[in-house]
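Dear colleague,

I am passing on the structure below, together with some notes on what came out of it. Please read them alongside the coordinates and tell me where you would look further.

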Amino acid sequence: MGTGYDCFDPLAHTDNPAITGVPMQNRQLLKNTMAAAGFRNLPEEWWHYTLNGEPFPDTYFDFPVSRCSLR
C-alpha cells in the first residue's frame, strides 16, 4: 500500500502521486471497492473509510474484542 497502516505522513494520502505501481493500484482497488459498497475515503488516510449515510453519526461504539469473538 506504500505505507504502513496508521502512518500519518503525506505519503499515506490515498491519491499521493509519489505512490506508484502496485501500491497505487491496490489503493485504487480498495477505494473503488469500498465506494461501490457505499463507503467514502478520508483522502489523508488510504485505510480510513466511513459509511455514507451512517445511521449513528454521533455515536461511538466500544465493543470488546477477544480471540474467541473472531471465530
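F56 is partly exposed, with a relative accessible area of 48%, where partly exposed lies between buried (under 20%) and exposed (over 50%), using a 1.4 Å probe and protein chains only. This is a predicted model, in which local features need pLDDT of at least 70 and side-chain atom pairs count only at pLDDT 80 or more, while totals for chains, interfaces and linings use all residues. Residues are numbered from 1 along each chain as its sequence is written, and side-chain values use heavy atoms, with hydrogens and water left out.

F56 also forms an edge-to-face aromatic pair with F61, at 5.9 Å centre to centre and 80° between the planes; rings of Phe, Tyr and Trp (its six-membered ring) pair if their centres lie within 6.5 Å, with planes under 30 degrees apart counted as stacked, over 60 as edge-to-face and the rest as tilted. F63, in the segment after β2 (49-51), is exposed at a relative accessible area of 61%.

By the ring rule the count comes to 5 aromatic pairs, and among them W46 and W47 are edge-to-face, 5.5 Å centre to centre with 90° between the planes.

Helices here are DSSP runs (H or I, at least four residues) and strands are E runs of at least two, numbered from the N terminus. After α1 comes G38, whose phi is positive, near 95°.
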